[in-house]
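Here's a quick tour of a protein model, written for someone just getting started. Keep the 3D view open and click along as you read.

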Amino acid sequence: VVNNSGSARLNIEAQCVDDDDFQNEGPASATILDPVSGRIEGAVICPYTRDWYRLALPAGAHGIGIDFGHEQGDLDLEVRDAETNALLGTGASETDNEQVDIVLAEPAEVLILVDGFDDAANGYTLWWD
């Protein structure tokens, strides 16, 4: 009796590894940012995930943005008032990077949402000033 047997090489590679183990997927679990540091590098969006952040800002003008290469996956940015959930601005172009500029009349907390357009995956740097 002869057994049919064969072998083939199989490589399994992760398509996308989330940077935060799916911890900040909604406003209630948003990662709290240090207003002084101004930057997070090495963040990753995977398909069907979102990254939420919470940031306390003083009154005045502020820029919030994400830097990424569009050709690896299109990312979008939203900034919302943390108390009312009102949309303060969006960045949803079809190019590299997104930026939202806001002016706060008084100190406030904002929610920042980074999401892949059409469930795109990509790495990014989040910055604020």
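**H62 and its surroundings**

Leaving out residues up to four places away in sequence, H62 touches L57, V100, D101, I102, L104 and D129, where contact means heavy atoms within 4.5 Å. Before going further, a word on the ground rules: this is a predicted model, local features need pLDDT of at least 70, side-chain atom pairs count only at pLDDT 80 or more, and totals for chains, interfaces and linings use all residues. Residues are numbered from 1 along each chain as its sequence is written, and side-chain values use heavy atoms, with hydrogens and water left out.

More on H62:

- You'll find H62 in strand β4; strands (E, at least two residues) are DSSP runs, numbered from the N terminus.
- H62 counts as buried because its relative accessibility is 9%, and buried means under 20% relative accessible area, with exposed over 50% and partly exposed in between (1.4 Å probe, protein chains only).
- The side chain of H62 also reaches the backbone oxygen of D129, at 3.1 Å.

**The sheet**

- Four strands make an open sheet in the order β2-β9-β4-β7, with antiparallel pairing; two strands pair if DSSP finds at least two bridges between them.
- At the edges sit β2 (39-45) and β7, each pairing on one side only.
- On average, neighbouring strands of this sheet are turned by 20° against each other, direction ignored; the axes behind that angle are lines fitted to C-alpha atoms.
- What holds paired strands together in general? Strands of a sheet pair through backbone hydrogen bonds, either parallel or antiparallel.
- Strand β4 (residues 60-67) and β7 run antiparallel and are joined by seven bridges.
- Two of the bridge partners in β7 are D101, which goes with G63, and V103, which goes with A61.
- Strand β7 (residues 98-104) has a covered face made of E98, V100, I102 and L104, while Q99, D101 and V103 form the uncovered one.

**W128**

- W128 belongs to strand β9 (residues 122-128).
- Is W128 buried or exposed? W128 is buried, because its relative accessible area is 5%.
- Skipping neighbours within four places in sequence, W128 is in contact with a list of residues including L33, P35, I40, L55 and I64.
- D34 is another contact of W128, and the side chain of W128 reaches the backbone oxygen of D34 at 3.4 Å.
- W128 and I66 are 62 residues apart in sequence, yet 8.9 Å apart in space, C-alpha to C-alpha.

**R80**

- R80 lies in strand β5 (residues 75-81).
- With 18% relative accessibility, R80 counts as buried.
- A polar atom of the R80 side chain lies 2.7 Å from the backbone oxygen of N85.
- Besides N85, R80 touches residues including W52, L88, E109 and L111, not counting those up to four places away in sequence.

**The nonpolar cores**

- The largest nonpolar core has 22 residues, and I64, I112, Y124 and L126 touch the most other members; such a core is a set of buried Ala, Val, Leu, Ile, Met, Phe, Trp, Tyr and Cys residues joined through side-chain atoms within 4.5 Å.
- Which strand gives the most to this core? That's β8, with four residues.
- Leaving aside neighbours within four places in sequence, L126 is in contact with residues including L33, Y53, I64, I66 and I112.
- A second, separate core of five residues includes W52, A82, L111 and L113.

Definitions and conventions
A polar contact is a pair of N or O atoms within 3.5 Å; within protein, one must be able to donate a hydrogen and the other to accept it, and residues adjacent in sequence count only if both atoms are side-chain atoms. Axes are lines fitted to C-alpha atoms, for helices over the stretch in contact, and angles run from 0 to 180 degrees between N-to-C directions.
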